[in-house]
Amino acid sequence: MDAGIAKEAEGNYKAAILEYNKALKINTHYTEAYVNRGIAKAYLGDYRGAIADYNHALGINPNSSEAYNLRGEIHTILGEYQEAIRDFNQTLHLNKKHAKAYFNRGNAHQ
């Protein structure tokens, strides 16, 4: 997983995805690997793939406020504002101090 994070920090998102895939082969319930792979996919413009990864992460850990927030960001990019607002509301239900979710929800309403 650390190798994937390092590749992502370098901007090498394709290599990061390969590293996250390796981590997921070892542990198919690794929520953070799905979340991070979703981030890398989003940077590459694979928004539906990112949503699929966030959905998978939420299937494992339905209390992942970060997965809800990130999925909401992708829904906003795709113009799916009602879905985005639902995700940001769920983020804030789980973590009332998630400042970025407040900001994101405001953008989705706008």
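Does Y43 count as buried or exposed, and at what relative accessibility? At 56% relative accessibility, Y43 counts as exposed, whereas Y13 is buried at 18% relative accessible area (buried is under 20%, exposed over 50% and partly exposed in between, with a 1.4 Å probe and protein chains only). The model is predicted, with local features needing pLDDT of at least 70, side-chain atom pairs counting only at pLDDT 80 or more, and totals for chains, interfaces and linings using all residues. Residues are numbered from 1 along each chain as its sequence is written, and side-chain values use heavy atoms, leaving out hydrogens and water.

These two tyrosines also meet as an aromatic pair: the ring centres of Y13 and Y43 lie 4.5 Å apart with planes at 10 degrees, so the pair is stacked (Phe, Tyr and Trp rings, the last by its six-membered ring, pair with centres within 6.5 Å; planes under 30 degrees apart are stacked, over 60 edge-to-face and the rest tilted). Y13 sits in helix α2 and Y43 in helix α3, 30 residues apart (helices are DSSP runs of H or I with at least four residues, strands runs of E with at least two, numbered from the N terminus).
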